[in-house]
Amino acid sequence: MQTKVMPCDEAGIRAAAGLLRCGELVGFPTETVYGLGAAALQPQAVAKIFAAKGRPADNPLIVHIASREMAEPVARFTPLAEKLAARFWPGPLTLVLPRRAVVPDIVTAGLDTVGLRWPSHPAAAAMIAAAGLPVAAPSANRSGRPSPTLARHVLEDLAGRVPLILDAGPVEIGLESTVVDATGALPVLLRPGKITMEELASFCGGCLLPDGKSSERPPAPGMKYRHYAPQGALYLAADYRAAEALRQRLLAADPAPPLMLLSDASANYFRGQGLPEDEILSLGANEAEFAARLFAALREADTRRAGRIICETTKESGLGRAIMNRLAKAAAAATEPGGGVLPSPAAEGKA
Ligand code: TXA
Ligand code: MG
């Protein structure tokens, strides 16, 4: 199969909508990451998503809609869901809700709930509206690779496996949507994202975290899979001093320099120490930039065949909770053998 890349103009949207209606796959931009879409109510179309990605069948998909009317036949809205949808849709929030019977088992992996999201990206909304049907879409990466934040990343992973990719340039957020179980009275945060736990808690009067121990299966089945793993060993460092100490330790073991993923301020510190540009990738000046650049940086580390990567971390609240969630998974998955978290020397004396 030849993969065509088109801009998100009228012709692109029309081509994408036509393919979706015919049960074919389309790579498309959203405000979070690029998605790999198929008609959600056509089981044979949805099966193509699992085949193209190499995705385990027990990991359910998010259904994307472009109006509240489109959502009605898919899921039953609880009072909490009504409230959250009114406040955060369209936008980077996925609501896990009781499913209706028309939703094929292959979408929900047999669960009695379905994840639903109304994306705010104009091209995504236009494509779904033009197709006139709900669109099941995971992130458009091969299973186990970082989520795509550029059309080029989708092409890298899925060329020859998808007939069309819509290209709208870089996505805005760079991390996947916040996933919330909205079946009860309070939201349960299943996956942190741009819409933060703090924001949800203040809006709903509380926000719960899943208690993995009390349930037989992980509440968001996707959380248990190997994720975002760069090919090299990934080490996390709390700040530039921890990164420096870690770098010295790694150099002592092997003189090949590690690739450093750093905030702008830390990158400048290391430049001041004479570190060459090709050993540094900048993650920006704030958390929003960090989120937007992280997945591309992990892909770049692979492109450069970095055997060892040191990544500076961020605080674990607000958007930082989502960043740290993805980084922890990437480090855990990539640390065979030897990666790990080194606390800041400044932090070591405390607590
Ligand atoms: O931002 C996003 O959410 C992107 C774009 C394309 O919209 N999509 C995305 O999909 O990240 P995916 O498949 O990569 O991640 C979906 C996550 C998985 O962790 C999955 O287990 C969870 O949502 N999920 C989906 N349906 C669920 C359900 N019924 N109950 C619990 N978790 C669910
Ligand atoms: Mg994904």
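Visitor: In which helix is Phe-88 found?
Guide: Please note that this is a predicted model. Phe-88 belongs to helix H4, which covers residues 79-88.

Visitor: Is Phe-88 buried or exposed?
Guide: The relative accessibility of Phe-88 is 6%. Buried means under 20%, so Phe-88 counts as buried.

Visitor: And how many Å separate the C-alpha atoms of Phe-88 and Ser-120?
Guide: They are separated by 9.7 Å, while the two residues are 32 residues apart along the chain.

Visitor: Let us turn to the sheet. How many strands form the sheet, and in what order?
Guide: The open sheet is formed by 10 strands, and their order is E1-E8-E2-E3-E7-E4-E6-E5-E9-E10. The pairing is mixed.

Visitor: Which strands stand at the edges?
Guide: Strand E1 (4-7) and strand E10 (188-191) do. Each has a single partner strand, so one side of each is left without a neighbour in the sheet.

Visitor: What joins E1 to E8?
Guide: E1 and strand E8, residues 164-167, run parallel and are joined by 4 bridges. Within this pair, Met-6 has Leu-166 in E8 as its bridge partner. E8 also runs parallel to strand E2 (residues 26-28), with 2 bridges between them. There, Val-26 stands opposite Leu-164.

Visitor: Which strand pairs with E9 in the parallel sense?
Guide: That is strand E5 (residues 93-98), over 4 bridges. In this pairing, Val-96 stands opposite Asp-181 in E9.

Visitor: Which way do the residues of E9 point?
Guide: Thr-178 and Val-180 point one way, whereas Val-179 and Asp-181 point the other way. All of these residues are buried.

Visitor: Changing topic, which residues of helix H8 are buried?
Guide: In H8, which spans residues 197-204, they are Met-197, Leu-200 and Cys-204. Viewed down the axis of H8, these buried residues fall within an arc of 65°, so they line one face of the helix. In general, an α-helix has 3.6 residues a turn, so residues three or four places apart point the same way.

Visitor: And what comes just after H8?
Guide: Gly-205 comes there, with a positive phi of about 75°.

Visitor: Finally, how much space lies in the second largest pocket?
Guide: The second largest pocket holds about 240 Å³ of space. It is lined by 16 residues, and the closest to its centre are Leu-150, Arg-152, His-153, Ala-296 and Ala-297.

Visitor: Which helix gives the largest share of that lining?
Guide: H11 does, with 7 residues. Helix H7 (151-158) and helix H11 (287-303) each supply at least two residues. By type, the lining divides into 7 nonpolar, 4 polar and 5 charged residues.

Technical notes: Residues numbered from 1 in each chain as written. Chains lettered and ligands numbered in written order. Predicted model: local features only at pLDDT ≥ 70, side-chain atom pairs only at ≥ 80, totals over all residues. Heavy atoms only, no water. 1 Å grid on protein atoms, 1.4 Å probe; cavity = no way out; pocket = protein on both sides within 12 Å on 5 of 7 lines; lining within 4 Å. Points joined across faces, edges and corners; volume = space filled by probe spheres on them. Nonpolar A, V, L, I, M, F, W, Y, C, P; charged D, E, K, R; others polar. Buried < 20%, exposed > 50% of the residue type's maximum accessible area, 1.4 Å probe, protein only. Arc of directions from axis to C-beta. Pairing = 2+ DSSP bridges.
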